[in-house]
Amino acid sequence: MEVNVKEYKHCVLVTIQGRVDSATAPKLNEVFEDLLNRGRFKIVVDMSNVEYMSSAGFRVLLSAQRACRRYHRGEVVLALVPPRVLEALDLAGFTKIFRRFDNLLDAIGYF
Amino acid sequence: MSVGGDIFSLQRSWPARFDFLDEIRTFVGQAAERAGFSEQAVYAIQMATDEACSNVIEHAYRGESGNIEICVDWDGLQLTITLQDTARHSFDMKKIAQPDVNAPLSKRKAGGLGIYLMKKLMDEVQYLPSPQGNTLILRKRKEKAV
C-alpha cells in the first residue's frame, strides 16, 4: 500500500494505492492522524487505485470521519471507489456514512 | 483443465502474522478462481478469509507466535475453507456483539465488523473451539451460471 497526500487550500487529497489490510491499515491511520493533528479536517480520499480493503481499512476511515465531523469542522469524502470495495463498504453500512463522488474535481470542489 | 470441474484439496500453513495476509488472500483467491467462481465471489472469499485470519492473529494468538493452517476443498458444488490454529485463547463469535450497520456515525462501533462481514460474504461460517485450538470453517456455494 502507498499513500500520497496533496494539500490544497480548502482540502487535502489522500490517494491510496494497493491493498489495505490489518498489516497496512496502521500506516494509513498515521497519515490521517498527522492531518488531524495539523487541523486538516476536510479530506478527499482517492480510492481509484485501491485493489483491496478489509475491515481494518474501514475502521481507519470510520475513525477519521468521526474526528473530522466533530464540531462540524470538516468531513471525509470518498472519490472513485472501485466496485468490489464499494460492495464491501455497503455491506458494512459505510455508504451511508461517507459522501461519494465519481470524479476528483467534484470531490475537491465540494469543500 | 475444465474450469470448476475438477475437485481438489489444498493445504498450507502460515505464521500467524498480519504481513502474511497478502499471501493467504492470493492462495485462497487462486483456489476460488480454479473452482470457477466469479470475480465478485473470489473477492468475497478472499475478504472473508482475511477477516478470519486477522481475528485469529488478533484475538486468538494475541501477539504470541504460532501458525494458521488453511485447507481449501472444492467438491464441485461448494468451496470449504478450514482454518486451524493452536492458540491458547478462543474467540467465541457468539459473544462478540454484532455491529449495527444502520447506526449513525456517532453511534457506530468499530468492533465486530470483521465477523459480521465474514458471515455476510460466505454462505456458512462455523466455529469449533477445542483445547488444542480453534477451527473456523467458511463455506461458499457456487452461484448458478447465468
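Two residues are taken to be in contact if their C-beta atoms, placed from the backbone, lie within 7 Å. With that meaning, in this predicted model, 67% of the contacts in chain B between residues at least 6 apart in sequence join residues at least 24 apart.

**Chain B as a whole**

Chain B contains three helices and five strands, and read from the N terminus these elements follow one another as β-α-α-β-β-α-β-β. Its C-alpha atoms occupy a box of roughly 45 × 40 × 25 Å along the principal axes. A compact globule of 146 residues would have a radius of gyration near 15 Å, and because chain B has 16 Å, its value agrees with that expectation. Of the 146 residues of chain B, 37% count as buried.

**Two helices of chain B**

Helix α2 of chain B, residues 39–61, and helix α3 of chain B, residues 113–121, have axes that come within 9 Å and cross at roughly 150°, and the crossing of α2(B) and α3(B) is left-handed. On the side of α2(B), the residues that meet the other helix are B:A44, B:M47, B:A48, B:E51, B:A52, B:S54 and B:N55, while α3(B) contributes B:G114, B:I115, B:L117, B:M118 and B:L121.

**Where the chains meet**

Which helix gives the most to the side of chain B that touches chain A? The contact between the chains takes 19 residues from chain B and 20 residues from chain A. On the side of chain B, the elements that give two or more residues are α1 (21–34), α2 and α3 of chain B, and among these α2(B) gives the most, with six residues. The side of chain B that touches chain A divides into nine nonpolar, four polar and six charged residues.

Chain A holds an open sheet of five strands in the order β1-β2-β3-β4-β5, with mixed pairing. Its edge strands are β1 (2–7) and β5 (99–101) of chain A, each of which pairs on one side only, and the twist averages 25° from one strand to the next. Helix α1 of chain A, residues 25–37, packs on the sheet, where it touches β1, β2 (12–20) and β3 of chain A, and its direction makes about 170° with that of β2(A).

In general, strands of a sheet pair through backbone hydrogen bonds, either parallel or antiparallel. In chain A, six bridges join β1(A) to β2(A), which run antiparallel, and these two strands form a hairpin with four residues between them. Within this pairing, A:V5 stands opposite A:V14 in β2(A). Further along the sheet, strand β3 (residues 42–53) of chain A runs parallel to strand β4 (residues 75–79) of chain A, and five bridges join them; there, A:D46 has A:A79 in β4(A) as its bridge partner.

How many of the six residues of β1(A) count as buried? The count is zero, and β1(A) is thus described as hardly covered, although helix α1 of chain A touches β1 of chain A.

Note on methods. Residues numbered from 1 in each chain as written. Chains lettered and ligands numbered in written order. Predicted model: local features only at pLDDT ≥ 70, side-chain atom pairs only at ≥ 80, totals over all residues. Rg over C-alpha atoms; globule rule 2.2 N^0.38 Å. Buried ≥ 20, exposed ≤ 12 C-beta atoms within 10 Å, placed from the backbone. Pairing = 2+ DSSP bridges. Axes fitted to C-alpha atoms, helices over the stretch in contact; angles between N-to-C directions. Left-handed = near helix turned anticlockwise from the far one by under 90°. Nonpolar A, V, L, I, M, F, W, Y, C, P; charged D, E, K, R; others polar.
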